[in-house]
Each structure stands twice: as C-alpha cells, then as structure tokens.
Amino acid sequence: METTSRAVAQTPAPEGGQETAPGRRTVDGYLRAPFPWYGLDEAFTGPRRLMQLGTAADGAVEHGSIGHGDEPSVRNEHVAGDEQDAKEKFAVVVTVAANPDRRSADGTGLLEATSVSSAAWLAGVGLLSFTWPGQMDHSLRDDWLEQQTETAWVLADDLDGEDWTTLSLPVDGVPTPFHYRESEFGWVLAGSTEQGVHLGAYGRGMSAYGLAFAVVKDIAAYA
C-alpha cells in the first residue's frame, strides 16, 4: 500500500505565518477523509485521542488511528497476558479506506489496492512502534524494528495462516469476524465493515475480547 504515515500535528503553518493549534491541524486532516472513522463504541468511557494519519503520494487521506486509554510509549516491561501488571492500558483503532487498484493523481502509475491485510499490517507495525524488547541494546532497536516490520507484513499477508484465530466483535452493533493474534508485545486484529472501510486495532493491557467498534459521530470534537 503506497501510503506515507505521518503525525499530522507536524503539518507546516499556513501561509501568512499564523500558526494553527496542533489539535486543530490534526483534526483538519481527519476531516478531509472521504470515509467514516471508527473508534471504540460508547461503552468505552476513557480518554480518546487522534494519533497518526496516512496519506497517498497525492495527499489523499487513506488511513488514520484513534487511541483509547493510556497514551502508549515505547517500553518493554509488559508481557502479553499479564494484564494486572501492565503499566499502560491502551487500544488503538486504525481505519483504512477500502480502495481498489487505481491510478495515481499524476497518472504515472497505479496505487496498490487496500485490503484487510493492509489494516492488519498497519496495526502490527503500530504495536511495534511502541515496543522495545527487554535486554536489547538501544543501538540494535532499529535493526530489530526493521526485521519485525517485515515479519508483520508476512503475517498480514497470510490471514488464514496458523498465527491467526477468528474473533467476532460488534461493529455498529453487528457481530463481525476479525482476524486476531497475540504476541509477547500485545495483540493485533483486523476485519472489514459494511461502511466501505477496513479496521485494524492493536493494544496492550486491555483485552481485545470485550471491545466493540462504532463510527465516530463527530471527529471535530477531537480538535
């Protein structure tokens, strides 16, 4: 999937030199998307935040993430399944536009189609970005991250493989099948909705089994 993920809060100031508040710049990027955004449903009453937006080479919004619970940071103390000892409890929902193969804006090539595998890969890489294995030297983390990112892609490309199980979770109140896997660093899941988007999610310290997803009614409320 030929997209570029970036923190929208780093968008340059508009012409004229007047700076826009970071929260406003961030939500403006989400408002440009031609598809609905998803997050956890109203049963989750904890903090929520916009995280990262992904755009194609032509600037079109293709995916984005909404965080729930604690703000994740790079850490290595958590072991999957040890919920009571987790210092951070978070779940991040990734919404990916369901796009077929299509020409790039400049007409020079084709943009790769998105799929459930795209959502699974983005979720897997998202979890890795907040993970640092214990007993690893700081200088080795980049090599580890590159290796694990490639592994996440291989796993996402084989959703019917033995590394994944099936989990049914509500999406807009409708039971929906998801591909689900756990690792020592947390969990990842991915599926599709009836609203023309794919969903990925990852988390640590919060069980995936009790989650439910719903369309975000007013993304502007995050400004």
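**Charged side chains and their setting**

Author: In this predicted model, a surface patch of negative charge is formed by Asp 157, Asp 158, Asp 160, Glu 162 and Asp 163. Asp 158 belongs to the loop that connects helix H3 (141-156) with strand S8 (165-171). Its relative accessible area is 42%, so Asp 158 counts as partly exposed, the limits of that class being 20% and 50%.

Opposite charges also meet. Side chains of opposite charge can pair when their charged atoms come close. The whole structure holds 2 salt bridges. One joins Glu 42 to Lys 217, at 3.2 Å from N to O. These residues are 175 apart and link distant parts of the chain: Glu 42 is in the loop between strand S2 (38-40) and strand S3 (48-56), and Lys 217 follows strand S12 (213-215). Both Glu 42 and Lys 217 are exposed.

The other salt bridge pairs Arg 204 with Glu 88 at 3.8 Å, N to O. Since Arg 204 sits in strand S11 and Glu 88 in the loop between S4 and S5, the contact ties together parts 116 residues apart in sequence. Arg 204 and Glu 88 are both buried.

Strand S5 (residues 90-97) has 8 of its 8 residues buried. One side carries Phe 90, Val 92, Val 94 and Val 96, the other Ala 91, Val 93, Thr 95 and Ala 97, and both faces are covered. S5 runs antiparallel to strand S4 (residues 61-69), with 7 bridges between them; Val 94 there faces Ser 65. S5 also pairs with strand S11 (residues 197-204) in the antiparallel sense over 8 bridges, where Val 92 stands opposite Tyr 202.

Methods. Residues are numbered from 1 along each chain as its sequence is written. This is a predicted model: local features need pLDDT of at least 70, side-chain atom pairs count only at pLDDT 80 or more; totals for chains, interfaces and linings use all residues. Side-chain values use heavy atoms; hydrogens and water are left out. Patches are made of residues with over 30% relative accessible area and no salt bridge: like charges are joined within 9 Å, nonpolar side chains (Val, Leu, Ile, Met, Phe, Trp, Tyr) within 5 Å. Accessible areas come from the Shrake-Rupley method with a 1.4 Å probe; for residues, only the protein chains shown count as cover. A salt bridge is a side-chain nitrogen of Lys or Arg within 4 Å of a carboxyl oxygen of Asp or Glu. Lys and Arg count as positive and Asp and Glu as negative; His and the chain ends are not counted. The place of a charge is taken as NZ of Lys, CZ of Arg, CG of Asp or CD of Glu. Helices (H or I, at least four residues) and strands (E, at least two) are DSSP runs, numbered from the N terminus. Buried means under 20% relative accessible area, exposed over 50%, partly exposed in between (1.4 Å probe, protein chains only). Two strands pair if DSSP finds at least two bridges between them.
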